[in-house]
Amino acid sequence: MDDFSGPDLISDLPQSIIETILIQLPIRDAVRTSILSRKWRYKWSTITQLVFDEKCYPNSTDREVVQKSVVEFITRLLFLHQGPIHKFQIVNTSLQTCPAINQWILFLSRNDLKDLDLELGEGEFFRMPSCFFSCEKLTRLELSRCELYPPASFKGFSYLKCLNLHQVLISPEAIESLISSCPLLENLSLSYFDCLALTVRAPNLKYLCLEGEFKEICLVDTPLLVELSVAMYMTDEHMEQSSTCNFVKFLGGVPNLERLVGLIDFTKYLSIGNDLGHLAIMYNNLETIEMYQVSFEDMKEILVVFRLITSSPNLKELHISGSSNISNAPYAGYAGLDFWEKECPSDSILGQLKLVKLTEMSGMPHEIEFIRFLLGCSPMLETMSIIPAMYDLDCQLKMVVELMKFRRASTRAEIYFIRGD
């Protein structure tokens, strides 16, 4: 073989370049490079990123076989590994909680771990061992189906910038303490949290994603937040009137917001409480607003949307999805139509708005008036698309005829009425 081979250029590459090559391979293939030659025998053992995804698991429908194979493979690999491990990721729906994971975490806590992603399969939640909280150099943490019980001595992760917790069991006090004790935190995602009253204190936070059945959310110290996505699951308890305004508690301290996405029940949650009349804050950087399941039968929800868009002078894109009762529209909801004269002066200007997308529109009066307002106050509008919720052709035709009567502040505005059927 040596007679036909030229110089071994790959083997003589710097270790950093070889590692870059190896980490592009599935971990099992990276380990298999040890058979190439004596030079390559231990090249894989110093790579700093270990990713165990579905590609490295055996093809078998027997969960016990897969579990045993995966555990043995990871345990042996860590035993043979040399040097620091900066990234450790397990994404496997077949891997269940087992004692070996505790040993892996202990090993990682002693090897300069910076990025941990642990996503286990269905079944019993995995309780993170106490040694996990000594991973002081963590910059990114993603956990799924785990339990977290920080010890009293835990002082936080000083270098953590990204935190993603999905279906994680942790007390309200512990999650608030964890967030506030990560001074460099920039990206936070909490999903499938139930009945949690959450106060977020994170002065460097830029991206926040929340999904769950939250009792209350309060953003206290988040001045740098630029992107916010929220999905609420409202219960009867949320419907009780609060002495303070949810809108102000949630959005009163985020002046640098650039993109806002409100999913399930978000506008309903913001409408709870008093004093929605005037806002002391302007969202000068807010360019995109997406609000879903907005009830145009609820005047307070309409006011939430109206306050948001009129407090965002540089708004460019607006996406609104309705949730009105189709069976009642367009005959119901005439009450309170004087709102548009009181709250929407003729000189209102949405000077930067270019794109509007309205979906699930049932043609009820307040929806029609909202469209009239947008067309009349948006001199830079280029495109408005409307997708109706009703399938009755006569109702759709009546809605189109009504829209054709409205004055447009923009001579370039094009309206697309897209039939749902």
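Mentor: Buried means under 20% relative accessible area, exposed means over 50%, and partly exposed is in between (1.4 Å probe, protein chains only). Helices (H or I, at least four residues) and strands (E, at least two) are DSSP runs, numbered from the N terminus. This is a predicted model, where local features need pLDDT of at least 70 and side-chain atom pairs count only at pLDDT 80 or more, while totals for chains, interfaces and linings use all residues. Residues are numbered from 1 along each chain as its sequence is written, and side-chain values use heavy atoms, with hydrogens and water left out.

Trainee: Okay. Which residues of α4 are buried?

Mentor: A100, I101, W104, I105, L108 and S109.

Trainee: At what angle do α3 and α4 pack?

Mentor: About 25 degrees, with the axes 11 Å apart. Helix α3 spans residues 63-80, and α4 spans 99-109. The axes are lines fitted to C-alpha atoms, for helices over the stretch in contact, and angles run from 0 to 180 degrees between N-to-C directions.

Trainee: Are α3 and α4 roughly parallel or roughly antiparallel?

Mentor: Roughly parallel, therefore. That word covers angles under 35 degrees; over 145 is roughly antiparallel, 65 to 115 is roughly perpendicular, and the rest are oblique.

Trainee: Which residues make the contact of α3 and α4?

Mentor: On α3 look for V71, I74, T75 and L78. On α4 look for A100, W104 and F107. A100 and W104 are also among the buried residues of α4.

Trainee: How many of those contact residues of α3 with α4 are nonpolar, polar or charged?

Mentor: There are 6 nonpolar, 1 polar and no charged. Ala, Val, Leu, Ile, Met, Phe, Trp, Tyr, Cys and Pro count as nonpolar, Asp, Glu, Lys and Arg as charged, and the others, Gly among them, as polar.

Trainee: Staying with α3, where is L80, and what is L80 in contact with?

Mentor: L80 lies in α3. Set aside its neighbours within four places in sequence, and L80 is in contact with W44 and S45. W44 and L80 are 36 residues apart along the chain, with their C-alpha atoms separated by 9.8 Å. L80 is partly exposed, because its relative accessible area is 33%.

Trainee: Another helix pair, please. How do α8 and α10 pack?

Mentor: At an angle of about 10 degrees, with axes 12 Å apart. Find α8 at residues 299-310 and α10 at 365-376. They are therefore roughly parallel to each other. M299, I302, V305, F306, I309 and T310 of α8 meet H366, F370, F373 and L374 of α10. That contact divides into 8 nonpolar, 2 polar and no charged residues.

Trainee: New topic: rings. How many aromatic pairs does the structure hold?

Mentor: It holds 10. Rings of Phe, Tyr and Trp (its six-membered ring) pair if their centres lie within 6.5 Å; planes under 30 degrees apart are stacked, over 60 edge-to-face, and the rest tilted.

Trainee: Why is the pair of F250 and F266 called edge-to-face?

Mentor: Because the planes are at 80 degrees, with the ring centres 5.4 Å apart. The pair links distant parts of the chain: F250 is in α6 (residues 246-251) and F266 is in α7 (residues 266-271), 16 residues apart. Both F250 and F266 are buried. F250 also pairs with Y269: their centres are 6.3 Å apart and their planes are at 80 degrees, so that pair is edge-to-face too. Y269 sits in α7, 19 residues from F250. Y269 counts as buried, because its relative accessibility is 1%.

Trainee: Which residues do ring pairs link into a cluster?

Mentor: F132, F133, F154 and F157.

Key. Contact means heavy atoms within 4.5 Å.
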